[in-house]
Amino acid sequence: MNMVLPEINLYAVMPQIFLVSSATVVLIVGLFERFRRAIPYLSLVLLAISGVVAVNQLGQDPIAFSDTSPMMVSDDFSLVATLIFIAGAMLTVLISVSYAEARSIGRGEYYALLIYAVSGMSMMAAGTDLFSFFLGLEVLSISLYVLIGFEQREAGSNEGALKYFLLGAFASGFILYGMALLYGASGSTEYEVIAHTLAGERSDAVNLLLLGGLGLLLVGIGFKISMVPFHAWTPDVYQGAPTPVAAFLSTGSKAAGFVVLIRLLDSVFSGLQVDWIPLISVLAVLTIAVGNVVALVQSNLKRLLAYSSIAHAGYMLLPFMSNSQDGSASIIFYLIVYTAMNLGAFGVLAVLTARGSTCATLDDLAGLGSRHPLLAAIMAVVMFSLAGIPPTAGFMAKFYLFSAVVTGGYIELAVIGLLFSGVSLYYYLRIVIWMYMRPAARESADATGRLSYSGMTALCVSALAILAVGVFPSGLLQLAQRAVMTLP
Amino acid sequence: MTDLPLLSLIIWLPVLGAILLLFVKGDVAARWVGFGVTALVFILFAVCFGAFKSHIGDPQFVERIPWIETLGVSYYVGADGISILLAGITALMWPLALLGTWTIVTVRVRAYQVFMLLMQTTLMGVFFSLDLFQFFLFWEGMLIPMYFLIGIWGYERSSMAALKFFLFAIFGSLLMLAAVITLAFLYHQAHGVLTFEMAALYQLAIPPEVQFWLALAFIAAFAVKVPMVPFHTWLPDAIVLAVVLVKMAAYGFIRLTLPMFPDALAELAPLMCGAAAAGIVYGALIALAQSDIRRMIAYSTISHAGFVVLGVFALNQHGIQGAVVHIVSLALSTGGLFLAAMMLVQRRNTWDMEAYGGLWHTIPVFSAFLLIFSLASVGLPGLSNFVGEFLILVGVFQQHAAIAVVAATGVILAAVYMLRMYRKVIFGPLTRDENRGIKDLSFRETAVLACMTLFIIGIGVYPNPVLRTMEASVQKLLVQTHRLAETAPAGTSGTSTEAASRPVGLDATRGISQDNR
């Protein structure tokens with residue numbers, strides 16, 4: 001008896017192949033002590049090459065991994081998403097260098113795991129089958145469990161890793177259970193077949209299975225994007241994790257969650273809209289409210305940024321309601337901008353506390369404007385951008401996002417979101433006040449320390465990108481719109 | 001000469017200056033760069049003003065470049081009679097303000113110049129924008145330099161004042177943002193094109209009940225910045241910028257609220273007039289109770305801002321022209337008053353009126369200038385404020401006589417609190433030894449104040465050039481408002497149908513809600 005292997009098209013998974021091999025190369029080179037210093041730069045180069053591969057495939061017709069069972073597809077959507085992940089990872093590598101060096105966690109595995117995580121996210125974005133999605137998710141999650149706990153000597157880091165692991169395992173369980181229900185309803189794990197089942201006539205039982213499956217998937221993905229009520233881990237884990245890892249966690253892994261959500265909600269489950277729209281709108285408003293309100297009283301900066309990232313996840317949930325191409329494009333655009341902003345914010349903390357404690361408080365920022373003018377200026381740009389004040393990219397992103405919400409006919413939701421983003425100004429501006437209008441409370445140990453060049457490069461890149469996109473958003477807007485064009 | 005992109009130069013030159021400042025070392029050099037750039041902007045503006053044709057009501061010097069095509073946004077600037085006057089007073093006041101605070105601002109001088117320049121850019125951008133999106137961008141962007149200016153160079157508790165101001169401002173602006181998006185969405189629904197061009201949005205027929213909410217959102221954004229009672233509580237802490245904000249917010253009312261929401265205005269205008277009159281009296285009464293010079297000027301600004309809003313919502317030629325003149329003269333008189341007070345405080349380091357007295361004997365030149373500014377503030381005929389207040393009261397009287405009567409008491413109260421301040425600070429015996437050694441104004445300070453005085457007297461004695469500059473534009477504005485009322489669905493209110501029966505033309509300029517009492 002002959003096994004017939006399905007025709008496969010490796011070209012469709014080229015970026016993922018490059019990413020996985022890059023990670024493996026980094027892992028192997030990391031074994032040799034004498035190359036230790038070169039590893040971050042090797043990772044950068046390899047990530048850049050994977051990026052070039054992805055750019056190279058942009059603008060073509062979607063290519064499926066295999067015709068009989070697609071599993072993964074290389075379309076503009078997955079490629080743009082992969083590029084966001086790669087850019088985020090490259091910035092993370094840059095801000096990690098001095099931080100990891102000072103805390104002697106800069107081993108090869110650190111960077112290798114980072115790239116493995118990116119490959120997982122990329123698989124999630126490219127997946128057109130629940131299995132490939134799950135595979136990507138697990139590659140991402142397992143890498144993150146280790147990365148969060150990388151500072152073995154810090155209790156917080158261990159605590160964070162354990163929390164994320166326990167809850168993450170539960171989330172994976174929910175997703176698997178949801179997948180099982182969906183398989184039961186449609187007889188397949190392929191997105192297309194599930195969508196087809198939804199489009200056709202269906203009995204009540206099947207409907208219940210589909211709804212249940214979607215609900216369980218939403219729980220799992222909601223955990224990844226820290227949607228209320230599955231957000232509780234966020235502040236603890238961000239606080240405990242090494243700061244660059246927290247930066248990566250708040251941008252990359254959240255972006256991956258949203259990318260999957262766009263695929264699922266906007267194309268696969270659009271048939272169930274009536275059911276999930278009320279649910280998601282309530283959860284989105286709750287997420288925005290909880291994130292913004294709790295952030296008001298935080299003085300630990302990593303916790304503050306954690307709640308702020310919860311709030312931003314809430315904003316990004318809003319356009320799902322409009323269920324239009326503009327809605328999805330606005331989420332992609334927001335993700336790009338959000339990645340630059342949050343990496344900038346966490347990056348400043350990472351550069352600042354490379355040697356000090358893991359958790360910076362507001363008082364650590366006091367007088368930063370005169371101690372490190374450039375660093376303070378970058379932080380100010382990032383804060384104004386997170387708050388959505390022009391001429392920063394944050395404003396453009398918010399504008400595009402909320403106009404998609406209004407166009408979808410949800411003016412009330414847009415007004416609620418906008419008003420809460422007004423609340424957010426209070427805590428973002430407090431950071432600016434502390435930097436420029438408060439004298440340094442105490443001379444911290446690293447006050448006079450030199451800032452790492454690589455870290456500053458990454459931060460300058462993000463800040464300049466934020467300003468440039470804030471003034472000339474056209475190119476990125478078009479990219480975001482083109483990305484969602486290929487979605488069914 | 002006219003083929004130069006004059007308006008863009010005026011808008012963006014300060015940004016270039018700010019970038020240049022990053023490479024300048026030393027306080028003195030920074031001051032010169034700041035002053036030089038603003039002076040250059042003023043010269044450019046003078047060229048622009050010289051080429052301005054006042055008989056045209058449409059925007060002139062128009063520049064239009066596609067910018068964010070996917071959102072239907074273009075970079076679109078132009079100046080009409082109203083915006084050129086407001087931009088003019090900005091162009092004039094900026095070099096004077098920098099010159100006036102030459103030695104007053106001594107900390108972080110370079111950053112101060114940078115933020116002042118950035119603020120000038122955003123102001124000019126607001127005045128010259130013909131695209132609503134771009135308008136909003138400048139409007140919001142202004143918050144950043146303002147925030148730093150209040151927070152770093154403000155007075156006591158300044159960082160909290162800055163935060164308070166920012167939060168007040170942002171809630172108004174966010175409501176406006178929602179309204180802006182909704183407007184573009186409505187236009188897209190009606191015409192299938194996405195655009196933020198103001199002239200196009202003026203023509204949009206919006207159902208009256210929607211208009212009402214949109215108008216409220218816009219009014220919220222502007223009322224906070226005017227500031228109108230009860231949204232004024234940030235002002236006494238952040239007085240530095242009050243004059244600038246009055247200018248901006250009133251411009252917002254004139255440019256956006258009036259022509260876009262005629263039906264809603266029929267309901268809202270009398271309310272706004274009432275609130276403005278209340279603000280006039282309230283501000284004046286509180287000013288009367290202050291012994292701190294800065295707070296007194298702040299509350300007097302609230303009172304004067306009430307006049308401006310009153311004029312705008314009189315919705316007729318006199319009212320609006322009066323409002324614009326009043327904005328210009330407020331910048332001169334209140335700006336002058338505040339600058340003079342800062343010069344005094346720099347010498348004696350206290351804002352308390354009681355600490356002074358008898359200054360006439362020691363610093364006569366300063367006292368003379370303070371007298372002129374105080375009298376201008378009071379509204380003495382022959383000085384600029386009189387023109388504005390008079391026109392506003394005439395305009396309002398045609399619409400709501402009772403409100404005009406209430407508002408007029410504000411003028412009397414102004415005389416009381418201003419002269420009370422002047423008496424305490426300047427007249428009386430010289431009782432305190434600290435006041436004996438005060439130096440009179442330097443040449444630089446004299447020049448700055450003299451320049452302002454010149455304009456105050458000039459406009460007061462011969463206001464025609466100012467009035468003529470904006471006449472055509474104000475007429476066009478009112479005709480636009482009127483025609484919109486005509487095309488709106490009938491039966492919304494008595495006003496719009498009656499207005500529709502009136503012939504379009506000069507008569508229309510007398511106002512649309514004349515009989516809405």
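Predicted model: local features only at pLDDT ≥ 70, side-chain atom pairs only at ≥ 80, totals over all residues.

Biologist: Which element gives the largest share of the side of chain A that touches chain B?

Modeller: In it, 27 residues of chain A are in contact with 22 residues of chain B. The elements of chain A that give two or more residues to this side are helix H17 (393-407), helix H18 (411-437) and helix H20 (474-485). The largest share, 13 residues, comes from H18(A).

Biologist: How many charged residues are there on the side of chain A that touches chain B?

Modeller: Sorting the residues on that side of chain A by class gives 20 that are nonpolar and 7 that are polar. The number of charged residues is none: there are no charged residues on the side of chain A that touches chain B.

Biologist: Which residues of H7(B) does H17(A) meet, and is the crossing left-handed or right-handed?

Modeller: From H17(A), the residues taking part are A:Phe402, A:Ser403, A:Val406 and A:Thr407, and they meet B:Ile181, B:Thr182 and B:Phe185 in H7(B). By class, this contact has 4 nonpolar, 3 polar and no charged residues. As for the handedness, H17(A) passes H7(B) in a crossing that is right-handed.

Biologist: Which residue in the turn between S1(B) and S2(B) has a positive phi?

Modeller: Strand S1 of chain B, residues 60-68, is joined to S2(B) by 6 bridges, and the two run antiparallel; B:Gln60, for example, has B:Ala79 in S2(B) as its bridge partner. Strand S2 of chain B, residues 73-79, is mostly covered, with 6 of its 7 residues buried. The two strands form a hairpin with 4 residues between them, and the residue in the turn with a positive phi, about 70°, is B:Gly72.

Biologist: At roughly what angle do the axes of H7(A) and H10(A) cross?

Modeller: In this pair, A:Tyr191, A:Ile194 and A:Ala195 in H7(A) meet A:Arg263, A:Ser267 and A:Val268 in H10(A). The residues of that contact divide into 4 nonpolar, 1 polar and 1 charged. The crossing is right-handed. The axes of H7(A), residues 191-199, and H10(A), residues 243-268, come within 10 Å, and they cross at roughly 30°.

Biologist: Why is A:Leu283 classed as partly exposed?

Modeller: A:Leu283 lies in helix H11 of chain A, residues 273-295, and, leaving aside neighbours within four places in sequence, is in contact with A:Met227, A:Val228 and A:Leu317. To count as buried, a residue needs 20 or more other C-beta atoms within 10 Å. A:Leu283 is partly exposed because the number of other C-beta atoms within 10 Å is 19.

Biologist: Which residues does A:Ser454 touch, not counting those up to four places away in sequence?

Modeller: A:Ser454 has its place in helix H19 of chain A, residues 453-471. With 19 other C-beta atoms within 10 Å, A:Ser454 is partly exposed. Apart from residues up to four places away in sequence, those that A:Ser454 touches are A:Leu94, A:Val97 and A:Ser98.

Note on methods:
Residues numbered from 1 in each chain as written. Chains lettered and ligands numbered in written order. Contact = placed C-beta atoms within 7 Å. Nonpolar A, V, L, I, M, F, W, Y, C, P; charged D, E, K, R; others polar. Left-handed = near helix turned anticlockwise from the far one by under 90°. Buried ≥ 20, exposed ≤ 12 C-beta atoms within 10 Å, placed from the backbone. Pairing = 2+ DSSP bridges. Axes fitted to C-alpha atoms, helices over the stretch in contact; angles between N-to-C directions.
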